[in-house]
Amino acid sequence: MSGLFDKRVDLRIQLGNHLHKARYCRMDGKLLERFKEFNWNGTRVGENSYIGEPEESGIVLLQAEKDPNDLNSVMEAEEVTINGTRFTKKWCQVCRFFRPPRCRHCYTSQRGGPRFNAEKTYKYSYTMEVQLDRGRGTDKDSAGFKIASNINVDLLWRNSSNEEDQLIRITITDVNFENVSERTDDKNIFKDSTGGGILGKTNLAALKSPVLIHWINGKVKTYYSFSNEPVIIQNIKRGLTSLFQVQLTTTSQTEVDVSGKCKVNYQAHDNKVTKVKLLNSCKRVQKGFTSHSKVLGVNTTSTSASIYLLEKNLIRSVLSEEHILVSLNLRRELAAKVLSKQRLEFQLTKTGPKQIQAEQISSVVNSVNPEYVSIPLTSAAVKVTCKRCPSLIEYWKTIREELEPKNLAKASATRSFLLLVQALRKAKKEDILKVLRSEKDSTLPQLVDAVTSAQTSASLAAMLEFLDFGNDSSTILQERFLYACGFASHPTEELLKALTAKLNGKIKSNDIRETVVIIIGALIRKFCQKGQCELPAVIKAKEMILNGAESAKKESDIEMYILSLKNSLLPDAIPILLKHAESGTGPISNIALSTIQKYDRVYITEEVRKTMNRIYHQNRRTHEKTVRTSAAGIIFNNNPSYMEVKNILLSIGELPTEMSKYLLSKIQDILRFKLPGSEMIWKVLKDTAVHNYDRFSKIGSSSAYSGYMKQGTDSSSTYSLDILYSGSGILRKSNMNIFIFSQETELQATQVVIEAQGLESLIAAKADEGEGDLESLAGMSAVLFDVQLKPVTFFRGYSDLMAKMFTATGEPMNVVKGLILLVDHAQSFQLQSGLKAIVEFQGGLAIDISGGMDFSLWYQESKTTVTNRGAVVVIGNITVDSLFIKSGVEVSVETEALLDFISTVKFSEYPFLVCMQMVKDEFPFRQYVTKYESLPSGKSYVSRKGRKMLVAGSEFPLHHENSAMCKKIFAKESDSEEWF
């Protein structure tokens with residue numbers, strides 16, 4: 001019948017000489033009786049039963065009701081005459097029938113809600129406690145505190161027509177503070193302390209001032225307190241009041257309490273009620289942010305349950321517990337937890353105040369104290385100010401030494417960076433500018449990283465005022481600012497507007513202009529991942545890069561816009577990318593194809609697959625082998641058809657030697673690692689025309705290999721190395737990838753691609769088919785945490801190559817260097833006790849990726865080196881700050897690592913010798929847990945524990961042929977060093 005009430009109106013009806021109330025459904029013209037049961041013309045009619053059509057029943061429709069949800073207004077009292085005396089029969093909301101004359105609802109009945117009796121003071125003991133610890137910690141050594149007190153509950157007023165309608169007064173007395181775990185006297189900050197000494201006289205007096213609650217059937221309808229009380233004190237009393245929000249029947253409903261508007265499930269059995277609050281459903285104003293990537297995010301679990309024991313509708317005891325666990329997705333072991341408890345236990349009753357006689361509850365409240373006001377039961381925000389904190393410039397001076405370039409490979413530098421970001425988030429624009437303008441050149445780039453990573457309006461305004469994009473003397477700082485914007489965990493529309501405005505303004509350095517466009521693409525993707533793709537600033541930025549990629553004429557401009565599209569991954573960009581992939585020059589085609597490779601499979605349509613097949617099989621024009629192999633990779637990774645795989649395998653015998661060897665290695669790697677497309681490849685290989693010795697025995701040095709760096713339950717990481725050489729033995733393309741998998745998502749942690757072309761003339765070798773006219777070129781491109789960076793060119797053209805060969809210092813060329821805020825999560829949890837837990841997880845990375853390519857005509861050898869050096873620190877912090885007590889726990893991990901990828905080629909003989917090495921050096925790993933408590937008086941307790949270990953270095957395994965070649969190369973080098 002519930003569907004009938006969508007279109008209904010309450011009516012007064014006349015049945016004979018009696019007035020009753022019913023509901024008239026406008027949808028089907030039927031009258032629905034509101035009563036549970038009543039007699040009408042000798043027939044018993046149930047609740048919401050069909051009475052009949054108005055014209056059939058002879059019922060007189062009198063008027064519509066004002067409030068159909070209020071049972072008092074819907075239910076009309078009946079008057080009956082017994083022995084000549086008139087009596088009024090009133091509707092009982094609890095029992096849901098008209099009470100007989102001279103009857104009241106039974107107070108000892110378990111039906112209805114909890115209640116108190118007049119002229120009695122009910123005394124309870126009340127404790128609230130908070131425990132904080134690491135995820136797997138025990139309760140024996142937790143940080144936190146306990147507030148113990150007594151509670152007086154008085155019934156001041158009861159509605160004469162509804163016994164469940166009550167006004168009660170709650171008063172807190174005898175407040176004391178205790179530890180939550182056993183401590184010796186020297187570690188007990190509460191020793192010799194009183195409630196007044198810790199709270200202060202004003203706060204203690206406010207805490208002891210009573211509150212009033214309008215209580216109907218176990219629901220807090222209105223909460224009365226004093227408006228001038230400190231917010232934290234009001235929240236604590238709201239937390240106590242929320243315990244009186246209870247239903248005595250099994251039901252599910254939405255309630256408003258200190259946590260907000262939440263869904264609640266009740267389970268009632270005899271004298272026990274279990275209440276489970278679904279914290280994830282609570283609706284309230286939330287402040288916080290998290291990383292855009294789930295891999296770099298945190299996992300939060302929270303539960304809330306309360307157990308009520310009752311005796312004849314009197315609350316005897318309440319035990320309420322909330323558990324919150326926050327862990328890092330990448331490493332679940334790095335976790336912190338909060339346990340919040342409330343315990344209310346009945347002690348005794350004493351003589352209490354007399355019940356106030358009044359019709360209106362407002363007059364009752366006013367008679368108790370006219371200063372009482374109705375305030376929301378949901379907690380209010382508490383402003384926390386730091387009274388003893390140093391100024392920003394003072395704090396900067398204490399950590400500046402740690403951020404010197406010589407210290408950036410240390411974990412202490414990354415930890416200082418994270419602490420500086422926290423300080424900058426609380427600073428004003430003027431203070432930030434003061435620090436920026438006073439700093440020297442060596443630490444200024446690191447300071448720019450930190451200020452940009454703060455991601456506040458003040459920090460952004462300070463950076464925009466500090467940097468002059470119309471001057472090319474500070475391009476390093478401008479580049480560091482832009483890259484920090486690209487790695488932003490929660491970019492704002494204000495930031496995107498600022499970069500778009502800069503692009504339309506004066507930028508003297510063309511490299512910086514290109515970087516701005518590329519980073520705008522990264523910001524667009526992060527907005528779209530958060531469901532904010534339709535913001536005005538985002539729409540404008542999308543149109544800019546799409547139109548630019550479509551209309552650009554200069555090759556450098558086309559590359560710039562395609563790299564921006566690679567960061568944004570806009571579905572609308574796929575037709576543009578296909579055009580450039582098929583008709584562009586080698587570098588442009590390569591960038592376009594590498595962009596298409598990053599799209600999800602749902603966007604690889606039939607048109608995309610047709611284009612990839614045309615490129616690989618060169619149906620319309622000749623393509624470089626780097627372009628063709630990229631097209632083949634896209635086909636293999638996106639559910640290839642039987643004929644697509646078969647045509648590629650059949651073509652292998654007719655390809656240049658190194659390209660054939662590369663594709664064979666790629667296919668073997670797909671099969672061994674069970675990558676997408678492996679099932680179809682196995683199916684095609686059953687055909688002996690495809691799978692035979694002649695086709696699969698090609699010699700060469702090119703290769704492709706994938707493997708696991710780590711396999712775990714919380715996260716896994718893989719690496720892959722693809723090397724493609726020209727027929728003369730010179731490196732054509734190397735591609736190193738590291739992916740991290742967690743929470744069923746992947747993150748491209750690192751990609752370093754080194755490409756070279758047109759170098760065959762240096763050793764008087766013949767270029768491969770279709771590549772004879774290529775310009776001499778070598779460069780490196782990097783992707784870091786899903787953000788494409790601006791490529792670096794080693795040399796362009798023969799004259800540039802010769803100049804750099806004679807002036808080379810042997811030092812590698814830097815691709816990216818700086819401090820990156822990887823993990824950035826801030827969240828607040830409103831505890832039912834009225835306190836608030838603040839969760840902050842931050843992870844920083846000090847990174848230095850550099851690469852180089854050494855080429856020796858004398859020794860007929862080339863060596864390509866990519867060095868990844870970094871220091872990682874992740875800190876998780878949960879704090880409960882009640883202004884008069886601060887308690888928290890901090891968990892952290894840190895490490896410093898070095899990963900080298902080295903490719904050595906000896907082309908003095910053919911087939912030339914190639915050795916690839918991927919080496920991880922020995923590195924330290926440290927983990928810490930810090931627990932702390934402090935009082936405004938200066939008393940504090942800190943416990944810090946840690947463990948350290950040294951992780952052995954290793955060389956990651958590659959294919960067997962590579963190992964054999966490495967032995968030959970290093971054996972030859974050893975022989976050349978002998979005396980003669």
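Which strand gives the largest share of the lining of the largest cavity? Strand 30 (residues 813-830) does, with 3 residues. This is a predicted model, in which local features need pLDDT of at least 70, side-chain atom pairs count only at pLDDT 80 or more, and totals for chains, interfaces and linings use all residues. Residues are numbered from 1 along each chain as its sequence is written, and side-chain values use heavy atoms, with hydrogens and water left out.

**Cavities**

The structure holds 5 cavities of 30 Å³ or more. A cavity is a set of points, on a 1 Å grid over the protein atoms alone, where a 1.4 Å probe fits but cannot get out; lining residues have an atom within 4 Å of a point. Volume is the space filled by probe spheres set on the points. The largest cavity has a volume of about 80 Å³. Its lining includes Ser291, His292 and Leu296, then Gly486, Phe487 and Ser489. Lys526, Phe785, Val787, Ile820, Leu821 and Leu822 also line the largest cavity. By class, the lining has 7 nonpolar, 4 polar and 1 charged residues. Here Ala, Val, Leu, Ile, Met, Phe, Trp, Tyr, Cys and Pro count as nonpolar, Asp, Glu, Lys and Arg as charged, and the others, Gly among them, as polar.

**Helix pairs**

Helices (H or I, at least four residues) and strands (E, at least two) are DSSP runs, numbered from the N terminus. Axes are lines fitted to C-alpha atoms over the stretch in contact, and angles run from 0 to 180 degrees between N-to-C directions.

| Pair | Axes | Angle |
|---|---|---|
| Helix 18 (residues 586-597) and helix 20 (residues 625-636) | within 9 Å | roughly 15 degrees |
| Helix 14 (residues 510-529) and helix 16 (residues 555-568) | 6 Å apart | about 20 degrees |
| Helix 7 (residues 392-399) and helix 9 (residues 429-438) | within 9 Å | roughly 40 degrees |

Angles under 35 degrees count as roughly parallel, over 145 as roughly antiparallel, 65 to 115 as roughly perpendicular and the rest as oblique. Helix 18 and helix 20 are therefore roughly parallel. Their crossing is left-handed, meaning that the near helix is turned anticlockwise from the far one by less than a right angle; clockwise is right-handed. Contact (heavy atoms within 4.5 Å) involves residues including Leu593 and Ile596 of helix 18 and Val627 and Ile634 of helix 20. This contact has 5 nonpolar, 6 polar and no charged residues.

Helix 14 and helix 16 are also roughly parallel, but cross in a right-handed sense. Among the residues in contact are Arg513, Glu514 and Arg525 of helix 14 and Met560 and Tyr561 of helix 16. The classes are 7 nonpolar, 5 polar and 3 charged.

Helix 7 and helix 9 are oblique to each other. The crossing of helix 7 with helix 9 is right-handed. Leu392, Ile393 and Trp396 of helix 7 meet Asp431, Ile432, Lys434, Val435 and Ser438 of helix 9. This contact divides into 5 nonpolar, 1 polar and 2 charged residues.

How values were computed: 1 Å grid on protein atoms, 1.4 Å probe; cavity = no way out; pocket = protein on both sides within 12 Å on 5 of 7 lines; lining within 4 Å.
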